[in-house]
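Work through the exercises below on charged side-chain pairs. Each task is followed by a stepwise solution.

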Amino acid sequence: MKKIFSLLIAIVFLFSNCHKMLDTVPTDFLSPVNYYKTADHIKKALTGVYDPLGTVDMYGFRLCGQLAYSNDEGIRSAASELTGPAVYNHSISDPYINNLWTACYTGIDRANDLLANIHHADMDETLRAQYRGEALFLRAYYYYLLALHWGDVPLKLTPTIDVQSVDLERSPLRKVYEQIIADMTEAKDEVATISSLGFNGRISKTAVMGMLARVSLSMAGYPVRETSKYAAARDWADSVILSGEHALNPDYKQIFINHAQDIYDIKENLWEIEFFGNGLDAYNETSWIGVWFGIASNDLENPGYCYGALYATNKLFNLYEETDQRRDWNISTYKYSGTNKVPYNPTDLYNRFPGKWRREYELITPKQKNGGPINFPILRYSDILLMRAEAENEMNGPADAVAYLNQVRERAGATLFTEANNNAITNQQQFREVIRDERARELCFESLRNHDLKRWGIFVSTMKNLANTISLTYPTNLRYLALSGNNVSERHLLFPIPSREMALNKAMTQNPGW
Amino acid sequence: MLTLFLMLSATGYGQTITLSEKNSSLLKVLQSVKKQSGYSFIYQDQLMQKSKPVDIVLKKVKLEDALKAIFLQQPALTYEIINSKLISIKEKRYAPQRPSADADTGTISVRGKVIDSLGNPIEGVSIQVTGTSTYALSDNAGNFIIKVPAPSAKLLFTHVSYAKKELTARVLAANANVVMQFPQTTLEDMIVIGYGQVKRSDVTGSVAKVDMDDVEKAPVRSFEEALAGRAAGVQVTSPDGQPGAASDIIIRGANSLTQDNSPLYVIDGFPIENPDNNALNPAEIESIDILKDASATAIYGARGANGVIIITTKKGKAGKAVVTLNGYAGVQANIKRMKLLSGYEFIKLQTELNPAVANKFYFTDGKTLDSYKDQQGIDWQDRLFRTAPMQNYFASISGGTTKSKYFLSGSIFNQDGIVINTGFKRYQGRAVLDQQVGDKLKTGVNINFTNATKFGTVVSDYRNDLSSLSLLYSVWAYRPISGTGNDEELANELYDDAIDMASDYRSNPIITAQNIYNKNITATIIANAYGEYAITPRLKLRITGGLNRANSRSEIFNNSNTPYGNPRSTLGKGGPNGTIINTQIDNLVNENTLTYQTKWGQSHTLNALAGYTIQVRKVNSSGASALLVPNESLGISGLDEGVPSTIRSTTSESVLLSYLARVNYSFKSKYMLTATFRADGSSRFAPGNKWSYFPSGAFAWRLSNEPFMKNITVITDAKLRIGYGITGNNRVTDFAYLSVLSFPNINSYAFNNSLEKAAIKSSLDNYNLKWENTGQFDVGIDLSFFNNRVGFVADFYHKNTYDLLLNADMPVTTGLTKAFKNIGRVRNSGFEFSLNTINVQSKNFSWRSGFNISFNASKVLELTQNQESILTAVTWENNFKNIPLYMAKLGQPVALLYGYVWEGVYQYEDFIQQPNGTYLLKDEVATNGNTRTAIKPGDIKYRDLNGDRIMDINDQTAIGRPFPIHTGGFTNNITWKNFDLNIFLQWSYGNDVFNANRLLFEGNINGRLNQNQFASYADRWSPENPNSKNFRPNGQGPAAYSSRVVEDGSYLRVKTVSIGYNLPATLIKKARIHTMRCYISAQNLYTITGYSGTDPEVSTRNSALTPAFDYSAYPRAFTIIGGINLTL
């Protein structure tokens, strides 16, 4: 019995020790509780805030692909694509739209986490301010994307801490814009200058200012129509111009060749989404720029595969003068047969490929079929000049606006709007038309067109006119390209709230027409 | 000499006798017969000294038969019916056989006769002296003679139709007759329950025992393949027919919505979640017991809610070495292929889809549609499917002494799949040793090693929602005709130039299947050891320790002839690439139990158990990938020459500590009570929620032991069971309650042309996360009729699962897409019935049947946040990625198919013809989700439920029930002379299947060109054929799920048929073979179903929320094999 007794004692002793076994700690991941302690932690968390920008759901593909076209610059080329956002025949469960929504809110949540924790870190105060400013700006930028695509959206500015309260109401668009402007304005004072950064993949002071100009213009246009924001837009554009940080690259096409070759042009480009490598590493930070749309090619290496998913419109071609160097860069003059360039017949004007980014300039080999290193510009200096001109014209008419427009035209070799050229613009409305065309000439295929058309209130009419023109003037075998314009209706001014969100968030309401 | 007369009045008595006596005196038995029959017995009272105690159970048998049966047990006595009132008892004229010393050999000859319980002689019974090679056979009068070394030697009687019986020679000598019983008397079976065994008659919970004799008749890889329909309440869903694919086993309905619902397995006493069932050779399984209700499973507490499957492997028995050799070989063939459009119909469809493109491909050089009139083109299915061999060899040797026992075995199983370059192989060995040390200590080990290899294309595999990557997509979609006049061109290239590679990832299915290298090699070691020490005769301490280590290596090599390694392919990663991943899962268990067993008085028995267990589960996984492998001919070995890519390394650990206790109390075997309690502490939950407590109680009442039941003579045994208990489910990931900050490579950003890694929050913490609990009530009755010839079990259960663990979808406005939560309640309730009968039992012919049927209904009772329903999408096709197909709605089953109600196609009368000849949909006719102006006659049409004439989410509703109303199985075992026949039928009734294949192949939902269709699409709407319900080409409308492809998945399947022949012992004795059975078995012979797909038993995205989905399922094979079982 004694033996049993001592055995029992031993077992009881064993038990009490064993309970500690239940306190396992994760060996494979860190918990946020123990994070945000050092500058490096914050830097990595901030990288997480940037990360959605480079995914296929945003600028890696869809936001400069199916979610930005078709429009009067480029039309989806495949006759077989009958459904989806590229032909304005999408449902509320469209995966690309859902994924963009997800990517925006993922970025916002990461920014919220960082902003709530950055004060814990033991780090240099200047760097803390810079990182904080970048996070604040990026959160505002994600909200800007949401505002452009969905209008009223839930405004969430603190981290999610509770898995139970998930029903978030939409805030009015005006309130969303006010928050965006407030956050960006705050960020402007904290982030670094582009010259101190030396590259344009990070948010710089002038990038924030330039983006404030763009946001102000958006708010001044449809649907908020807060026209007092034209002044803000002009001022923000001015602050970029006057910063002395930026200038136009004298050679238009070099801007885009630089994108393909990982060369930073911090004068011309205020902010680029960075892509790198050929996807044959573990990170796959590549983009479909030049891959999805571009000059179609079957050759994997020279020039590199391109699906040729868009045709530049005949309208865009006709917007350019013969002397405008931008035309033959933005719209290809040749197509590929294998690795050979075959010039277009001069009458082939309806199914030319956009040539803005060309894979033949990529330096990294081997090239991969579905992804390359080409960066995507979010904000260029020429845009700043055009915004400055547009805002000025809206406020005071063309007199002081023309000079900014002419800077852009001069580089391109286009005729200047001057009295000397007998080409002066005196009428505000006339200037309005010119600036709308100029933005297409300068900024085509940079995923700005749909939002420009929408804020000008001419999206539906432009698309209908386009469809009409195609149906009447295009060669018969290409008239199917009218499909997207025919499909467009008022409801396409906004994306539908994704069905997934509608099902899970009881406070959510649907956009009109969906 | 005194003669005692027992005389009573003979009036008012029935014609039949019912007896139930155990170890009773002959006198007592005769008094009972007298009472029932009115006959009196006359005998000399000293004759009673020569009587033997009587063990007898008879129900309503004739007097003559009763007497025969009683006196069979009286070696010295016999009887004579003198008249209608009197029976005389006399001494037998001859003396019973006595063991007689054989002068020559020093052995003793024993004679005897083998009879059944009605006294009929049994021929062909094998009588073996245990532990020797001596054996004999009974002749046609049942007589035998055998030599034994000593009166204490044991004799083993075996016959295919009867239960085995073992006797010592001494007993036999005194008895002369050996009575063999029908095997159906199962009340004495031992049922393995957690941490112990009880007699079936004493079980208080709901426990099913699987008849392994039947299961072994099925030629299958793993026991789970043969488990469907074998036990009431156990639903086995295998996703499809892929060799080596694991089945999902659900007991009494799914409790959990997103978490694993598979039962806990206890293999040789070793509890384990999700073991690799391929590691067990079905031939080595001695028994499978399935614990279904809470009273039975509560001893497993936190892991008992999904039921428990207890598997016990074979062990050695004392005696001479028994060698068993089993082998079979056979073939498998594809049962059903989809009929596809003929070459002509295919071309015709292309002209309708897009005439311009069709002209370009098919009508060059003056060819017209008529040129293709008789062309069939390439039959890709014919080239992909094959008749494939399957073989299995098994050998074992077992034996030992009363103190040391051993069992050693090994097996080889080799199955090629019916799809080229797929298959499964297994090599396996086992050693079991048991040793008695002194009087008090027993120890043993049981070690199993298995090496199992699965290889080839996973046919239903899916990646990134890309439906066109699944193998059968390519098979069905690939063009049968190239248009160039040489169709073989298509067969020689991986890609078809006519295909838009941007969105359509189909590749030459034959080249793809041949080149895919996807191998999974799992080495499993299961090693258990135990020591059992009898502290006192009533108190036993048992300590066990065990290890289950599964080491698996996954090797994937994508060469340039596969879609994942071809530089031109969208997913080709620039060229040949590969990945190796090694994963090791260790489960370590230590269990310590004390068992106390006692009896007091005549009536009370008590069995008490207390224990403490520790279980640790460790997972570690590592691996690497390489891209641009330069020498692809080296295959996976050449990976090191490629460009290094992802490195994987993960580890995790969880611990479960438990205290358990159980008391079984029985009063006169009439009232039985079980009370169980378990406390579980799991590391998977946050501090404060780690521990949970699981009580249960059950009560059983043996009605048949009550006096009022004595007169109901048809009922041999009746027992009522009732029980309630709470069990849990802890199937969440190891640290589900914590926020996770991770650093995935893919979430990087390239700043300044250099890649920087990001820290991202990939899950949200929830410190309130706790166990999912299930309260289960069960009431059941076990009945046995006609002297156990009929056994019937019925159960009703009612399970309420609360604090449901859900990996819930989150609105992404919260920043995350999923989070673990305890939400809501689900109920499962149902009935189960099983019936086992001996329909015929005679000398040469027997027929036994087993039938079971189960009904289960689930219902969502509560969801948090006032949610009405949870909608779930299925991953299979990009355009359907965010369209929910399943709905779990309050008051409804946990899954319903969800979508539009299909109404055929729009007809001309739905339109107004415009002046330009086009048709415009009338205002009062609802759209199909497309814009009104885009809809044309022949387009798909849905029902407008809310009357707003626009098809949207508000018109979606329940369109099918994926769960069956009832499922079941019906087994028949027939023996005739030396032949045996086993026929097993299995069915499922009332369940719908979502046939997603038809979305792509009966109407081409993505509008892809040059994609073939099922033959059923030859009939489609056209102005000339307006009555067809299939929409016109391009008339599919926007992506949507509808009732169009919801089909009744009910089926009745002849699952297994096995015919065997036992060679007569006289014939094989010379070859020193003990028994030999030759047989032919077939699996999946015939299926009656209305389902149009290849197989209604399918669920390629199987989970509680997404059952019965069919897309690119590996067809289930018909298997036929021939084999031999030998024992030496």
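**Exercise 1.** Find what joins the side chains of Asp324(A) and Arg326(A), and state whether each residue is buried or exposed.

Step 1. Asp324(A) and Arg326(A) form a salt bridge, with N and O 2.9 Å apart. The term requires a side-chain nitrogen of Lys or Arg within 4 Å of a carboxyl oxygen of Asp or Glu.
Step 2. Asp324(A) has a relative accessible area of 2%, so it is buried. Arg326(A) is buried as well, at 0%. Buried means under 20% relative accessible area, exposed over 50%, partly exposed in between (1.4 Å probe, protein chains only).

The model is predicted: local features need pLDDT of at least 70, side-chain atom pairs pLDDT 80 or more, while totals for chains, interfaces and linings use all residues. Residues are numbered from 1 along each chain as its sequence is written, chains are lettered from A and ligands numbered from 1 in the order written, and side-chain values use heavy atoms, without hydrogens and water.

**Exercise 2.** Describe the salt bridge of Glu268(A) with Arg411(A).

Step 1. The closest N and O atoms of Glu268(A) and Arg411(A) lie 2.5 Å apart.
Step 2. The two residues are 143 residues apart, and the pair links distant parts of the chain. Arg411(A) sits in helix H14 (residues 402-412) of chain A. Helices (H or I, at least four residues) and strands (E, at least two) are DSSP runs, numbered from the N terminus.
Step 3. Glu268(A) and Arg411(A) are both buried.

**Exercise 3.** How many salt bridges does the structure hold over all chains?

Solution. The total is 86.
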